[in-house]
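Could you walk me through how the helices pack and how the aromatic rings pair up in this protein?

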Amino acid sequence: MNRKRVVIAGLGDVGVLTAIRLSPHADVVGVSAKPALVSGQELGLRLSRPRDWARDYWVPFDRFRRLDGVRIVQAELTGVDLPTRTVFARRSDGATVAEPYDALVISTGVSSGFWRRPTLQSPAEIGTDLNAAHERLAAAGSVIVVGGGAAAVSSAFNMAVTWPDKRIDLYFPGPDALIGYHPRTWQRIRHRLTDLGVGIHPRHRAALPDGVPCDEVTGEPVHWSTGQAPARAEAVLWAIGRVRPNTEWLPPDLLDERGFVPVTPDLRVPGQRGVFAVGDVAATDPLRSSARNGGDALVARNVLAEFAGRPMRSYRAPVRRWGSLLGVQRNGLEVFLPTGHAFRFPAWSVERVVMPWVVRWGMYRGVRHNDPFGYAGVSTSSADES
């Protein structure tokens, strides 16, 4: 019996997990602009402790044991021909790639700031970008973080932990940050930030005039549409949630008014046989939560169910966001529940149980030793070694 071919468009967090789940059952082709999993998670760790972040969130594809049977094409997606069931892409040398499919999984995610971009990059370019942002912030005596989501809050917290002598201020538009999480979560983290000396500035909505590069660390004063005086710091980190779906390569009639991919409850694209979408690019619910709540397992199951003619299952979105917000710290890893309560894995268990067994073997089915900085031939600044 001939095995079906599945093309996974985008190998970010959810794309890699989907490929791992499908690889024993189908011929899987992954199309990725990067030569590795370069996660959009844990921005705070990425900026303040890039070597620690890279160990778990920048993983070359050849480190994943269950991707050994997956053919990975590093190329930029350029289009899809739905009638002939073919995906098109372009390599860095300009060569055109055409990949036929029996099923297509769209998992191209979103662009957000300088840390989530769908551009073609080499390992050295990834490392250069990683170090550049870290060194820019390390050299600043004062930092403003603009935004009230998880990326902004995590960044303010982790920079305050790493650089206790640095003045750090967090500005956000509402009365509270972390909208979408239980209010108890923000209350708990706000106290932590205050204890670290982070300035908390609610009800500050940034005015974004033309020419402000909100996808870079800047140094200009921040003006507020809510009437407050401009705020100044040596470095300004913009984490305002201006996400843009990476769907320029898709036909407009597959997209909603914001450019995301509408899906049915079983994660299929309406009216398109064998086409699925999952992760931040899929308009499953207002939080697009299939990126974080088992969407990879469900879409993989439903792809195989379609091949076999079996019933599919529906995705059920959680009411509130939950999970780790601050990343691994010296005292362990804290996970916030949908109720706003939290539990902590002690540091020893994170190092000996959670990462090696729960994550690398349980989630990823085996990850070989990972040293992406050695892989890229670059090194971090001395600030990261402290």
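## About the model

Please keep in mind that this is a predicted model.

## Helices H1 and H7

Let's start with H1, which spans residues 13-22, and H7, which spans residues 295-308. Their axes come within 9 Å and cross at roughly 40°. That angle makes H1 oblique to H7, since the roughly parallel class takes angles under 35 degrees. As for handedness, H1 passes H7 in a right-handed crossing.

Which residues make the contact? On the H1 side they are Val14, Leu17, Thr18, Arg21 and Leu22. Their partners in H7 are Asp296, Ala297, Val299, Ala300, Val303 and Leu304. Sorted by class, this contact of H1 with H7 has eight nonpolar residues, one polar residue and two charged ones.

## Helices H5 and H6

The next pair is H5, residues 150-162, with H6, residues 183-195. Here the axes come within 10 Å, and the crossing angle is roughly 30°. H5 and H6 are therefore roughly parallel to each other, because angles under 35 degrees fall into that class. The handedness of the crossing of H5 and H6 is left-handed.

From H5, the residues Val153, Ala156 and Phe157 take part in the contact. They meet Trp186, Ile189, Arg192 and Leu193 of H6. By class, the contact of H5 with H6 has six nonpolar residues and one charged residue, with no polar ones.

## Aromatic pairs

How many aromatic pairs does the structure hold? There are six, and two of them are described here. In one of them, the ring centres of Trp53 and Tyr57 are 6.1 Å apart and the ring planes are at 20°, so this pair is stacked. The stacked class covers planes under 30 degrees apart. Trp53 and Tyr57 both belong to helix H3, residues 50-57, where they are four residues apart and so separated by about one helical turn. Are Trp53 and Tyr57 buried or exposed? Both are buried.

The other pair is Phe114 with Trp115. Their ring centres are 5.1 Å apart and their planes are at 85°, so the pair counts as edge-to-face; that class needs planes over 60 degrees apart. Phe114 is buried, and Trp115 is buried too.

Notes: Residues are numbered from 1 along each chain as its sequence is written. This is a predicted model: local features need pLDDT of at least 70, side-chain atom pairs count only at pLDDT 80 or more; totals for chains, interfaces and linings use all residues. Side-chain values use heavy atoms; hydrogens and water are left out. Axes are lines fitted to C-alpha atoms, for helices over the stretch in contact, and angles run from 0 to 180 degrees between N-to-C directions. Helices (H or I, at least four residues) and strands (E, at least two) are DSSP runs, numbered from the N terminus. Angles under 35 degrees count as roughly parallel, over 145 as roughly antiparallel, 65 to 115 as roughly perpendicular and the rest as oblique. A crossing is left-handed if the near helix is turned anticlockwise from the far one by less than a right angle, and right-handed if clockwise. Contact means heavy atoms within 4.5 Å. Ala, Val, Leu, Ile, Met, Phe, Trp, Tyr, Cys and Pro count as nonpolar, Asp, Glu, Lys and Arg as charged, and the others, Gly among them, as polar. Rings of Phe, Tyr and Trp (its six-membered ring) pair if their centres lie within 6.5 Å; planes under 30 degrees apart count as stacked, over 60 as edge-to-face and the rest as tilted. Buried means under 20% relative accessible area, exposed over 50%, partly exposed in between (1.4 Å probe, protein chains only).
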